[in-house]
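Thanks for coming, everyone. Please take a moment to look at the sequence and the structure before I talk you through them.

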Amino acid sequence: MSTPSPRAPAEPAPLGLAAFGTATFMLSFFYVGVDPALTPAVFPLAFFFGGVVQLIAGAAEFRQGSTFGATAFCSYGTFWMAYALYGRFVVDTLPADEAHVATGLFILPWAVLTLYLTVATLRTTGALLALFTSATITFTLLALAQFVQSSAVTRVGGAFGFATAALAWYASFAGLVNSTWGRHLIPTMPDPGARLGHLGHKRARPV
């Protein structure tokens, strides 16, 4: 009697990407012009789906040995939880004439983090490279908009937010479909930094 082969572990990336994309999509509406007074509507989704779910995905990536996935999902899970708490409990306690500076400082480190994660995506897939490039631009514009108090820059940042959400959903969709079907039906453009492979000293490319 043959022993059944063990099941391959589930891939956590599609779940984490779906959480990031969904939270980004909803928040972007408030940056492009929807009444800011309605922004608290995004806090529950941001905390639980954008935050808690991404932390779970990040923990699963740790178990699978994916340094990049674990770093990205745990970081952005923390971002969304912090964003929900900041918007709900902190921003209204700040001096009204200085709150925009605090918000800019809250966003700015995430632009830096996303920028160096973008460099790492050069050895993953083109889908992730596009996503993180768009996310870097989004965070940078939103931080700048707070510092200079520009509604126009805020709207442009919100537009890039929609692009970021769409790219996150695409990467999630590709990972889900390709995993379910067991073949690469949805293109992800693997290893866009292949020409830089000599820098890795022939180490295996991270999955």
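Let me begin with a question: what covers the buried residues of α2? Before I answer, please keep in mind that this is a predicted model. The cover over the buried residues of α2 includes α1 and α3. The buried residues themselves are Phe 43, Ala 46, Gly 50, Gly 51, Val 53, Gln 54, Ala 57, Gly 58 and Glu 61. As for the helix as a whole, α2 has 21 residues and reaches 29 Å from its first C-alpha to its last, which is close to the 30 Å expected at 1.5 Å a residue. After α2 comes Gly 65, with a positive phi near 80 degrees.

Is Thr 39 buried or exposed? Its relative accessible area is 15%, and because buried means under 20%, Thr 39 counts as buried. If we leave aside its neighbours within four places in sequence, Thr 39 is in contact with Leu 27, Phe 30 and Tyr 83.

Tyr 83 brings us to the largest nonpolar core, which has 35 residues, and in which Trp 80, Tyr 83 and Phe 132 have the most contacts. The elements that each give two or more residues to this core are α1, α2, α3, α4, α5 and α6, and α3 gives the most, with nine residues. Phe 132, again leaving aside its neighbours within four places in sequence, is in contact with Phe 68, Ala 72, Tyr 76, Thr 114, Leu 117, Thr 118 and Thr 121.

Let me now step back to the whole chain, which has six helices and zero strands. Its radius of gyration is 18 Å, close to the 17 Å that the globule rule gives for 207 residues, so the chain is as compact as a globular protein of that length. Of those 207 residues, 44% count as buried, while the chain exposes about 11,600 Å², with carbon and sulfur atoms supplying 70% of that area.

Finally, a word on the record: an unreviewed UniProt entry carries the annotation "transmembrane region" for residues 12-32, 38-60, 67-87, 99-119, 126-147 and 159-177. In the model, residues 12-32 are 90% helix, with their end C-alpha atoms 31 Å apart, whereas residues 159-177 are 100% helix, with their end C-alpha atoms 27 Å apart.

Conventions
Residues are numbered from 1 along each chain as its sequence is written. This is a predicted model: local features need pLDDT of at least 70, side-chain atom pairs count only at pLDDT 80 or more; totals for chains, interfaces and linings use all residues. Side-chain values use heavy atoms; hydrogens and water are left out. Buried means under 20% relative accessible area, exposed over 50%, partly exposed in between (1.4 Å probe, protein chains only). Contact means heavy atoms within 4.5 Å. UniProt positions are given in the numbering used here, feature names are shortened, and annotations may be inferred rather than shown by experiment. Helices (H or I, at least four residues) and strands (E, at least two) are DSSP runs, numbered from the N terminus. A nonpolar core is a set of buried Ala, Val, Leu, Ile, Met, Phe, Trp, Tyr and Cys residues joined through side-chain atoms within 4.5 Å. The expected span of a helix is 1.5 Å times one less than its number of residues. The radius of gyration is taken over C-alpha atoms; the globule rule is 2.2 Å times the number of residues to the power 0.38. Accessible areas come from the Shrake-Rupley method with a 1.4 Å probe; for residues, only the protein chains shown count as cover.
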